[in-house]
Each structure stands twice: as C-alpha cells, then as structure tokens.
Amino acid sequence: MMLCVNCGAREAEGGPLCRQCTAALLVVREGKKQRIEVCPKCSSIHVGGKWYSADSTAPLARLLASSFHFENASHVRVDEASLDLGSSTIRGRATATVKGVDVSLDLEREVFVARVSCPVCNRVTGSYYESILQIRTYSGSNRKLLEEALSVVEETVSARSSDPSSFISKVEWLPEGVDIYMGRKNDGQRAAAALRSRYVSTVRVSKRLAGYREGREFHRFTYSVRILDLSRGTAINMGGKHYLVSSISGSAVHLVNTGDWREEQVAPQEFFTRQWEQSSVQPERRRGLVLARRQGETDLMDMSTYRVVTARGEAQSDEVEYIVFREQAYII
Ligand SMILES: [Zn+2]
Ligand SMILES: [Zn+2]
C-alpha cells in the first residue's frame, strides 16, 4: 500500500494523493453576478436567450455553473438547480471532477432578477403598457451607457416586486437609443427620476389618449430621458465662450474655460438652461511622455512627432493623453 504524499495517513488512489487530499485541490471562486428575467404574470423565466415556463432546471444549472470559477477541476456538472425568488438566489448541487476524483458540493449564488413580461403573456394581453421610457444620449448612440441605464431602470422596476402590474413588457433597441415599455405609469416616472439623479440629463413627459377604460379616459405617458455624454476634452461653446468638458458626474458638469484655463462647475439644471453647442472645431488628441512636472504645467514629448511641448495641467502618470486646442496643449 502506498500512502498519500501529502497527509501520509491515508492510502494514495490513482496518483500520489489520497481522495481527500485530491478533493482539497478544488478551489471555487465566485465569478460574475448573473442576471435573469422573470415574468411577473406566469413566473416563466428567461435565461440563456430562451423562455422556460415549466422545467427550468437545466438552464438554471448552466447559469449557476457559469457564475463560479472552478480551479483544478477537469469537469463540472450541476444538477438540481432551482431559483428562490424571495431571496433572488439559485441553489444547486454540483459534482466536480478533480484528477479523476468526484467531489460533491452545494452551490448558492445571488442573481439579479429583472421583471419582464414574457412573449406568451404579451400575446394574451397585447403587450400591455401604460408608459414608455425613451433613453437617448447626446452623442447619438452610446450602447454601453444605454445598457447601464437600462439596468438602472430594471432595478427600479424590480424594487416593486410585490406589485404584479409592475413589469417591463418590452425593450426595443433603436439606432438612436432604447425604448422601454412598462406596465405601470408610475414605473416610467420613477425610472425617469432614477436616471435623472444618476446622470446629467433632461426629462420630457408627454401623454396621449390611448382609449377608454370603464368609461374613463386612459392615457399613455412617454418619458424621454436624454443623457449628456460628452466625452472628456469635447469643446463646447456656451454664451460666446469656449470650454472643454473635463468630466460629467451625476451632480455637475465640470468645464475648463479656455480663455483663462480656469475650471468651472455647472449644475445640471443651469447647464441645460444656458445656450450651448458643441464647437465645430474639436481638439486634436495626442499622446505624450512626461519629461518634467511643474506647478500647473507639464513638459511632454509628443509620442509621434518627438517634439517637446509644454502643456497646461498636471500629469497623473508618465504617459498621458493631451489635447491641443486653439494652439494650447492641455492635459485634461
Ligand atoms: Zn492525503
Ligand atoms: Zn408570462
């Protein structure tokens, strides 16, 4: 009999280690938090691009497996997976194969649950919606930002999980943005408010008569949210002065006045009431290596022309992006 080289206590099996020491090689780490959609009317779930109304064990098992990293396992099988809606948790049992030894383990992982009505229920109720939330950006399209904004909307709607009429009935991607159809008027309003507190944005509301219900007028509301997404260094004209956008946070637009190179902070409401437009001439973007730093100024060597330039602003790293605007180099 050969003893395990690690513990020296038990018999080695199929290698230098015993079963327990082989099993102990397995390392399970949490991966990305996954997202699923649940229909609030029939409880069908949408996972991996398909809707499941009855047995969703297999797709839930795949989702659960993909939300972990299994190190040293040659094969992992998850079964008995189920979703607990109350705690937004998927639980299941897995068998991981580590150097020929099968290791059983219980898995449990929280997922993000979005409330979206399924195509079957939409057919029955005719894609019922009371409000439409339209999200647009100033740049025309910005898929990454729009997807992030959509998840803010989904979270807002999901926060009201006790209300069965609170759901998203349709998400429509358009070249210019995304339209979200909602079961409740109030959800459109709350989601627009959530976006407005998160992004520098404008909200317009319009309503139109959609028909009569129990003898009373029934209106549909459209909330149009437009998010300001000017990138760093964009030149704008405001009240006859030139500015560069330094950053945009939820509470303010940070600008640099290119007349005196001072920073200014403008509150969102104020920004939208002022007359502004993107300048027809935009700055040139270049890269430079930092040679010397002084108070408020940096000497750079341009990485394509090898010329030495003195830029306004302080470099945070040894290689920076800088812009040239109206013959002035600037680190933004
Ligand atoms: Zn051992
Ligand atoms: Zn359904």
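The secondary structure here comes to six helices and 24 strands. The radius of gyration is 28 Å, well over the 20 Å that the globule rule gives for 332 residues, so the chain is more spread out than a compact globule. Please keep in mind that this is a predicted model.

On dimensions, the C-alpha trace spans about 85 × 75 × 25 Å along its principal axes. As for burial, 29% of the 332 residues count as buried. If we take contacts between residues at least 6 apart in sequence, 52% of them join residues at least 24 apart.

Next, the domains. The chain is divided into domain 1, residues 26-115, domain 2, residues 127-227, domain 3, residues 231-281, and domain 4, residues 283-332. The centres of domain 3 and domain 4, taken over C-alpha atoms, are separated by 21 Å. Where they meet, seven residues of domain 3 are in contact with eight residues of domain 4. On the domain 3 side, the residues that touch domain 4 divide into three nonpolar, three polar and one charged.

Now to helix α4. This helix runs over residues 143-158, which is 16 residues. From first C-alpha to last, α4 reaches 22 Å, close to the 22 Å expected at 1.5 Å a residue. Which residues of α4 are buried? They are Ala149, Leu150, Val153, Glu154, Thr156 and Val157. These cover an arc of only 160° around the axis, which puts them on the same side of α4. Note that Glu154 is in that buried set. On the face turned away from the buried side, α4 carries the exposed residues Lys144, Glu147 and Ser151.

What covers the buried residues of α4? The cover includes the strands β9 (112-115), β10 (131-137), β11 (168-174), β12 (177-182) and β14 (216-227), together with helix α5 (185-198).

Last item: proline 283. This residue lies in the loop between β19 (276-278) and β20 (284-294). Is proline 283 buried or exposed? There are 20 other C-beta atoms within 10 Å of proline 283, and 20 or more is the cut-off, so the residue counts as buried.

Leaving aside neighbours within four places in sequence, proline 283 is in contact with Gly233, Ala235, Leu244, Ile323, Val324 and Phe325. For a sense of distance along the chain, proline 283 and arginine 91 are 192 residues apart in sequence. In space, C-alpha to C-alpha, proline 283 and arginine 91 are 53 Å apart.

Definitions and conventions: Residues numbered from 1 in each chain as written. Chains lettered and ligands numbered in written order. Predicted model: local features only at pLDDT ≥ 70, side-chain atom pairs only at ≥ 80, totals over all residues. Helix = DSSP H or I, 4+ residues; strand = E, 2+ residues; numbered from the N terminus. Rg over C-alpha atoms; globule rule 2.2 N^0.38 Å. Buried ≥ 20, exposed ≤ 12 C-beta atoms within 10 Å, placed from the backbone. Contact = placed C-beta atoms within 7 Å. Domains from an automatic or database assignment. Nonpolar A, V, L, I, M, F, W, Y, C, P; charged D, E, K, R; others polar. Expected span 1.5 Å × (residues − 1). Arc of directions from axis to C-beta.
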